[in-house]
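Me: I'm new to this one, so please walk me through it. Start with any term I'll need.

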Amino acid sequence: IPAHPGKTRRGLSRVEEIAQGDTELKVRLGNTYAESLARAGMGTEAARVWNELLALTGRTSLKPPGELLTNGDFEADIPNAGLGWRLTKGDGYQIALDGFASQNGTRSLRVTFDGTTNSNFAAVWQAVPVAPNRRYRFQGHLRTDSITTDNGLFFTIASLGAPREEALSQSTENRVETIGWVREQLDFQTGPRTSVVVIQLRRLPSPKLNNLIQGKVWID
């Protein structure tokens, strides 16, 4: 689906095409459409499509009232589509839901680093529609076990599809070694033409000689 709304070759709008399909097709097309809208910085439209998809699939509980993140407590499975959590495979790490460790509820998301790479890790993220000219507070919990190297794990918030002059990029503290659950917080304000941000778990490559990352991190 093109990145911007309009007409398909058959003359149907994207919304009309989605509405005419069966449920599986609606979900597949809707996920792709919501992603395209978010990448284009069209947060209002992306949120509308995404909320309709959550209602269609009986998953509205994944976004409690007053919350913008979807499945922020990782209690539901991760389809890896649309505006939910997105996970990317790569060398040197494994990502999985963990039913034995949690800060809230019964599950968290765990990333295990095997000590073979100096990872530039950006494999856990979610695009979140927001309102322009609005102040927001992000809160998330993070726990580590035996994270090696000077560069560990942290959360970032960045604008998506916004004008360059409104570029937003903020990060929480770099976490290494072993720590229990700690609450991370970022306060930020969107610009007048910013309507999508990306929440991401990050780790930057280390310039040190001993730079291969090993250990585990959980988020919830």
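Reply: Happy to! A charge sits over a ring if NZ of Lys or CZ of Arg is within 6 Å of the ring centre and within 35 degrees of the ring normal. Keep in mind that this is a predicted model, where local features need pLDDT of at least 70 and side-chain atom pairs 80 or more, while totals for chains, interfaces and linings use all residues. Residues are numbered from 1 along each chain as its sequence is written, and side-chain values use heavy atoms, without hydrogens and water.

Me: Got it. Which ring does the charged end of Arg-143 sit over?

Reply: The ring of Trp-218, with the charged end 4.2 Å from the ring centre.

Me: Nice. And how many aromatic pairs does the structure hold?

Reply: There are six. Rings of Phe, Tyr and Trp (its six-membered ring) pair when their centres lie within 6.5 Å, with planes under 30 degrees apart called stacked, over 60 edge-to-face, and the rest tilted. Phe-138 and Phe-155 make an edge-to-face pair, 5.2 Å centre to centre with 70 degrees between the planes.

Me: What does that pair tie together?

Reply: Phe-138 is in strand S5 (residues 135-147) and Phe-155 in strand S6 (residues 154-159), so the pair joins parts 17 residues apart in sequence. Strands (E, at least two residues) and helices (H or I, at least four) are DSSP runs, numbered from the N terminus.

Me: Are those two buried or exposed?

Reply: Phe-138 is buried, at 7% relative accessible area, and Phe-155 is buried too, at 4%. Buried means under 20%, exposed over 50%, and partly exposed in between (1.4 Å probe, protein chains only).

Me: Which rings are linked into a cluster?

Reply: Tyr-93, Phe-113 and Phe-121, through ring pairs.

Me: Switching topic: what order do the strands take in the open sheet?

Reply: Its five strands run S1-S4-S9-S6-S7, with antiparallel pairing. S1 (86-87) and S7 (169-171) stand at the edges with a single partner strand each, so one side of each has no neighbour in the sheet. Strands pair when DSSP finds at least two bridges between them. S6 and S9 (residues 196-203) have six bridges, in the antiparallel sense.

Me: Back to Phe-155: what is its bridge partner in S9?

Reply: That would be Leu-201.

Me: Now the spaces. What volume does the largest pocket have?

Reply: About 750 Å³. Of the 29 residues lining this pocket, Glu-67, Leu-69, Gly-72, Phe-138 and Gln-139 are closest to its centre. S5 and S9 are the elements giving two or more residues to the lining, and S5 gives the most, with six. A pocket is an open set of points on a 1 Å grid over the protein atoms alone, with protein on both sides within 12 Å along at least five of seven lines; a cavity is a set where a 1.4 Å probe fits but cannot get out, and lining residues have an atom within 4 Å of a point. Points join across faces, edges and corners, and volume is the space filled by probe spheres set on them.

Me: How many cavities of 30 Å³ or more are there?

Reply: Two. The largest cavity has about 90 Å³ and is lined by 13 residues, with Arg-59, Thr-70, Pro-79, Gly-84 and Trp-85 nearest its centre.
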